[in-house]
Number of protein chains: 2
Amino acid sequence: MNNFVYNIPTDIRFGREQIKCLPEELGKLGKKVLLVYGGGSIKRSGLYDKIKELLKDFEMFELSGIEPNPKLSSVEKGSEICKKEGIEVILAVGGGSVIDASKHIAASACYEGKPWDLVLDRSLVKKALPIAVVLTICATGSEMNSGAVISNEKTHEKLEINTPLLYPKLSICDPTYLYTLPAKQTAAGSVDILSHVMEQYFQPNDEAYITDVLSEAVMKTVIKYAKKAMDEPENYEARSNLMWASTIGLNHLLTVGKGGAWSVHPIEHVVSAYYDITHGVGLAIITPAWMTYVLSEHTAPRFARMAKEVFGVNESDDMSAARLAIEKVKEFNGSLGLPAHLSDVGITDEKFDEMASEAVRTSGLSTRAYVKLDKEDVKKIFLLCR
Amino acid sequence: MNNFVYNIPTDIRFGREQIKCLPEELGKLGKKVLLVYGGGSIKRSGLYDKIKELLKDFEMFELSGIEPNPKLSSVEKGSEICKKEGIEVILAVGGGSVIDASKHIAASACYEGKPWDLVLDRSLVKKALPIAVVLTICATGSEMNSGAVISNEKTHEKLEINTPLLYPKLSICDPTYLYTLPAKQTAAGSVDILSHVMEQYFQPNDEAYITDVLSEAVMKTVIKYAKKAMDEPENYEARSNLMWASTIGLNHLLTVGKGGAWSVHPIEHVVSAYYDITHGVGLAIITPAWMTYVLSEHTAPRFARMAKEVFGVNESDDMSAARLAIEKVKEFNGSLGLPAHLSDVGITDEKFDEMASEAVRTSGLSTRAYVKLDKEDVKKIFLLCR
């Protein structure tokens, strides 16, 4: 087991009506608030009004219109408001995109230069405004981690900024806020959670057994409840288990003692940076292709372990079990109604070369991944996804 | 899933040589240090000298001789030193007993009245000195939780004090410090970890599926590595997995969304309060008796689930599988060389009546346990343990 530090300062308030704590807890962080959110869904659901009412004694500013795959331009806007108005705390109400944009704003607000500088060199982040979250989409785990992924629409780069200063101080996770989530978003979010766990599970270190069995537990949870949450949007058991799975799935717990670079996410990131598709949809398409491409005598035992422990496959031959794992992942994605090919989302092979180069250039794919991949490998994976 | 708060401020430094961070990290908490430890094992292992060398620029005071089942009198001594010397931070070097005593000292040092008051009424704890830990025995999880169990040798009470103020600020967990742990302590510690998880697993709420599968993961870890760590004391993989299992096993993660009172621990606590036996040994004796006593149509499905998911038992009938779970627990304890009867540790039925009363009086056994137990029930469980 590799050495690790585990130190997560986020205060999670999980469950029905936890929003009631907002005035008291947010008040500890600041009174001048930048409320960051996406489109109109929090207005339609009544959450926006509820928050405005709860925070009527706070000085409120707003940045709305944060898009999926949040853009640098939104961060620049938010950062300007913070500097101009002397914002003390950022309240992100939404899912991963809103939280990630808020994190980047929180850091940019305390930095003299351009926000993108901080993505290119995270050591420039010396300070950040405190961040509070009200979670309305479960997928990215951003509510309890220190990472944020931002897309630079000019350069087609989709990169991560990550420093302990960006842990949210407070995250309110009420599963009933997921009741109004469209089935498509529930599906994409569930695939994202599963992919996070798989990225951490498929790593070279086999000695961190406890981390692996905890990962299997979270994968089983996602598989058990994803379809149920789509079919029964107001099933509290399904929503709450998925919501906590998303948090646990990427709050460092499932990576301790392991290590290495991720594989499918960096490949997907270039796709959504170039084509702005939903991240979870991209993951659903690329994951089985990646598994197929990297399957070997070396990787088969771990794929087989996933087949057995997560999908309950009873097959003693590792290679056969590993192939079944790939089939099971495809089946799972299919059961959620997700596409299986890039052509299904209108992507042709036109930019495969360019995207493959970018994926390798901007990640640890060729240096630290579970199976190291160069540009040609990534291109072949794209070809498997056509 | 029940509502919950998850907010753990402990900074865990896990792995080889993490002790190197001690001067820097402890320095953030204070420069006047009360070093609390047990007997001579940390002197024999060289850890004592290493810490003294690392902290040569700190003002050091010492409280040694903390006993297993730590006593109120030790807490009183420590609290006096803190008040007299103006101690700023407590450094606990040891296992659960040392950490628990240190927590109670940390709270008592900031309280005008008698330390035992704080155990009887935790609302009196308004402040506590910061606590840092160097872990040398893995069992209680005290390195990442806010509880401390203290024995009052005059009243035969063994009670818990628990408030968020008592979370250690820093815990250094180096699995190599477990290399010198005698096999008997490894066995008792492993049973303690397993019991913590079982206490949380056997609770009324079935909707917190994710918490249950995470619990199964930790139980599997303990069962996989306990014997190995005894047989191969310097097996890093075994020691590190057990060490992290003990932390995860009782850092709140495995109880979120569930709830209710524990069963076996309060029964054992009276036994070790009266007879001062090793806590893990008491748990090994009582756990199968408790399972046998509470087995019913109502509890069988969950016992059966444990049999299947943790022990890999393949048996479709719940009642038969549940009985196999009890056998498997006995087998596990036996494989670690632990006794199965109270008579094996010199305890007769003389005080069963009195102990049963105490167990019910000082716990939630009769009001909130998985299966509610009154004094007669507890006495019958003691009789099963003879």
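**Domains, sheet and helices**

Guide: In chain A, 19 residues of domain 1 touch 27 residues of domain 2, where a contact requires C-beta atoms, placed from the backbone, within 7 Å. This is a predicted model, in which local features need pLDDT of at least 70 and side-chain atom pairs count only at pLDDT 80 or more, while totals for chains, interfaces and linings use all residues. Residues are numbered from 1 along each chain as its sequence is written, and chains are lettered from A and ligands numbered from 1 in the order in which they are written.

Visitor: Which strand supplies the largest share of the side of domain 1 of chain A that touches domain 2 of chain A?

Guide: Domain 1 covers 11–177 and domain 2 covers 183–385 of chain A, with bounds taken from an automatic or database domain assignment. On the touching side of domain 1 of chain A, S2 and strand S8 (157–162) of chain A each supply at least two residues; strands here are DSSP runs (E, at least two residues) and helices are runs of H or I (at least four), numbered from the N terminus. The largest share, three residues, comes from S8(A).

Visitor: Which strands stand at the edges of the open sheet of seven strands?

Guide: The order is S4(A)-S3(A)-S5(A)-S6(A)-S9(A)-S2(A)-S1(B), with mixed pairing, and two strands pair if DSSP finds at least two bridges between them. Each edge strand has a single partner strand, so one side of each is left without a neighbour in the sheet. The edge strands are S4 (59–63) of chain A and S1 (4–6) of chain B.

Visitor: What is the bridge partner of Arg13(A) in S9(A)?

Guide: Strand S2 (residues 11–14) and strand S9 (residues 170–173), both of chain A, pair in the parallel sense over four bridges. In S9(A), the partner of Arg13(A) is Ile172(A).

Visitor: How are H4(B) and H5(B) oriented to each other?

Guide: The axes of helix H4 (residues 72–85) and helix H5 (residues 96–108) of chain B come within 8 Å and cross at roughly 45 degrees; axes are lines fitted to C-alpha atoms, for helices over the stretch in contact, and angles run from 0 to 180 degrees between N-to-C directions. Angles under 35 degrees count as roughly parallel, over 145 as roughly antiparallel, 65 to 115 as roughly perpendicular and the rest as oblique. H4(B) and H5(B) are therefore oblique.

Technical notes. Contact = placed C-beta atoms within 7 Å.
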